[in-house]
Amino acid sequence: MQDNFNIASSSSAIQSNKVLRSTYALLGFSLIPTVIGALLGMSMSFGFAAQSPIMFSLLMFAGIFGLFFLISANRNSSLGVVFLLALTFFLGVMLGPILQFAFSMSNGGQIVTLAAGGTASIFLVLSAIATTSKRDFSFMGKFLVIGLVLLILASLVNLFFQVPAASLAISAIAVLIFSGFILFDVNRIVRGGETNYIMATLALYMNIYNLFVNLLHLLLAFMGNRD
């Protein structure tokens, strides 16, 4: 019986490692359409977004959640990968306004690079902790979900009131929440809690994307040079 248990544990570990490798490979590949989309977004006019930020945000969320549904519905086929890459391209385009604002500053390029480097560093450190630690981080799930729900509600409220201090506070909290999600999601993959690499990639990609956007927002606010 002990031998059967060891064989089952070994098989589970092999499967988890396979899912993790496939997830990292697809995650790396998904950055290509993101960069292409971002370059396209930087050349586009987002006048509608400036004139109607609430409507723009609602349309963006509708597009994102529509693609979420398509990815989930096709998670076990190659179409899931296609829709995932479509999502990463779309989100790359949606980086257009903040990147346009960043590069309008004299040190905008440095800030974007710093935000990207900070995001990569946080991801690598937390991923290493999640994969090497024997600790189970599943206990974080409830707190992170509650935090995310409150974060979304606060963001929606601030769409109407547009309070700069509240926007910065939301971004700071978002950095902490999505950092926590990276630790939680990688650890969940390692422990066999997520066996579909497409859904695992989607979760990690959204964590990284939101971490980058909110970190960039904070750096622009505190380091941006408008001269």
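How many residues apart are Phe-65 and Phe-68 in helix α3 (residues 53–73)? In this predicted model, residues are numbered from 1 along each chain as its sequence is written. Local features need pLDDT of at least 70, side-chain atom pairs count only at pLDDT 80 or more, totals for chains, interfaces and linings use all residues, and side-chain values use heavy atoms, with hydrogens and water left out.

Phe-65 and Phe-68 are 3 residues apart in α3, about one helical turn; helices here are DSSP runs of H or I with at least four residues, numbered from the N terminus. Aromatic pairs are rings of Phe, Tyr and Trp (its six-membered ring) with centres within 6.5 Å, called stacked when the planes are under 30 degrees apart, edge-to-face over 60 and tilted for the rest. The count by this rule is 6 aromatic pairs. Phe-65 and Phe-68 make an edge-to-face pair, at 5.4 Å centre to centre and 90° between the planes. Phe-178 and Phe-181 instead form a tilted pair, with centres 6.3 Å apart and planes at 35°. Ring pairs also join Phe-61, Phe-65 and Phe-68 in a cluster.

Burial is judged by relative accessible area (buried under 20%, exposed over 50%, partly exposed in between; 1.4 Å probe, protein chains only). Phe-65 is exposed at 51%, while Phe-178 is buried at 8% and Phe-181 is buried at 9%.

Leaving aside residues up to four places away in sequence, Val-175 touches Leu-211, Asn-214, Leu-215 and Leu-218, where contact means heavy atoms within 4.5 Å.

Key
Helix = DSSP H or I, 4+ residues; strand = E, 2+ residues; numbered from the N terminus.
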